[in-house]
Amino acid sequence: MTRRRIIAGNWKMNTDRDEAVALAKAVADATAAFAADVDVVVIPPATLIAPVVDALGDSHVAVGAQNMHPEVRGAYTGELAGPMLTSVGCGYVVCGHSERRQLFGETSEFVGAKVAAAHRFGLIPILCVGETLEEREAGQTEAIVADQLKRGIDGLSKEQLAETIVAYEPVWAIGTGRTATPEQAQAVHAHLRGILKQRAGAEVAEAVRIQYGGSVNPSNAAELLGAPDIDGALVGGASLKAETFASIVGA
Ligand code: PGA
């Protein structure tokens, strides 16, 4: 099975309205030539999702959110629910980014509730998993990502699982300029796909797209994306410049 590549740009807490609109338009222009072959997603701060969706019009670029709450409404000050995202044209949502896990105390169970809720509300979840440097050095990488993956997909149907995107993001590679080698990343991706196969069978496991994230840039993207189980990239810093992001899409 050939999995369609997906490159997503996580803008994190960057850009104001004018910058976001300009960046989104520039990304649409610069990646238009690849639209037939690659899914392209931009993930702006929450207040800028609506203006970015408007700016993109009917272009090939989809829009995602960086986070959401699993409940549909209620007394959760500061949180956003799935329908609030879909109602402004958002199609994807990042669940369990390591910054959310580390800085905001999100547990794998809570992340799993978000992934399930995303499917319930018609959003495609991008489930992030990844080990810290200490965990890698202690030989715990496979166990850590397996646990995060299993809890993250808990309760999903096979159909929902097939449409879930997984992002392997080693914490030590995020924003550090230190990328996993293609061999290191491929080994973890193959391990993750093996877990998906145990859980839901070969057909579902082969359908799931697994992105790599962590200091992806135009000089390392082609090599990483050449590995058999790396189906795309979740790009942070390098997604804030349209040309740089577009050359990763081109890779
Ligand atoms: P980075 O971030 O590309 O800046 O390392 C990746 C991410 O956090 O998704």
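**Exercise 1. Cysteines**

How many disulfides does a search of the whole structure find?

*Solution.* The model is predicted, so local features need pLDDT of at least 70 and side-chain atom pairs count only at pLDDT 80 or more, while totals for chains, interfaces and linings use all residues. Residues are numbered from 1 along each chain as its sequence is written, and side-chain values use heavy atoms, with hydrogens and water left out.

Step 1. A disulfide is a pair of cysteine sulfur atoms within 2.5 Å.

Step 2. The search of the whole structure gives 0 disulfides.

Step 3. Relative accessible area is then considered; under 20% means buried, over 50% exposed, and in between partly exposed (1.4 Å probe, protein chains only). C95, at 0% relative accessibility, is buried. C128 is also counted as buried, with a value of 2%.

**Exercise 2. Nonpolar cores**

Which residues have the most contacts inside the largest nonpolar core?

*Solution.* Step 1. A nonpolar core is a set of buried Ala, Val, Leu, Ile, Met, Phe, Trp, Tyr and Cys residues joined through side-chain atoms within 4.5 Å.

Step 1. The largest core comprises 65 residues, and I7, L192 and Y212 have the most contacts inside it.

Step 2. Helix α9 (residues 182–200) contributes the most to this core, namely 6 residues. Helices (H or I, at least four residues) and strands (E, at least two) are DSSP runs numbered from the N terminus.

Step 3. Contact means heavy atoms within 4.5 Å. When residues up to four places away in sequence are not counted, L192 touches V129, V145, L149, V166, Y168 and I210.

Step 4. Another core, of 11 residues, lies apart from the largest one and includes V41, I126, I165 and L234.

**Exercise 3. The ligand**

Which residues come nearest to the ligand?

*Solution.* Step 1. A residue is near a molecule or strand if one of its heavy atoms lies within 4 Å of it. There are 13 residues around the ligand, and K12, H97, E169, G175 and S215 come nearest.

Step 1. A polar side-chain atom of K12 is 2.7 Å from an oxygen atom of the ligand.

Step 2. Polar backbone atoms also take part in the list of distances: one of G236 is 2.8 Å from a ligand oxygen atom, and one of G237 is 2.8 Å from a ligand oxygen atom.

Step 3. On its own, the ligand has 280 Å² of accessible area (Shrake-Rupley method, 1.4 Å probe; for residues, only the protein chains shown count as cover). The protein covers 95% of that area.

**Exercise 4. Two residues**

Is S108 buried or exposed? Where is G155 found?

*Solution.* Step 1. S108 is placed in helix α5 (residues 108–120). Its relative accessibility is 12%, so S108 counts as buried.

Step 1. Neighbours within four places in sequence aside, S108 is in contact with R101, Q148, R151 and G152.

Step 2. G155 is found in the loop between α7 (141–152) and α8 (158–162). With 66% relative accessibility, G155 counts as exposed.

Step 3. G155 is in contact with Q160 and R199, leaving aside neighbours within four places in sequence. The C-alpha atoms of G155 and G112 are 8.5 Å apart in space, although these residues are 43 residues apart in sequence.

Notes:
A polar contact is a pair of N or O atoms within 3.5 Å; within protein, one must be able to donate a hydrogen and the other to accept it, and residues adjacent in sequence count only if both atoms are side-chain atoms.
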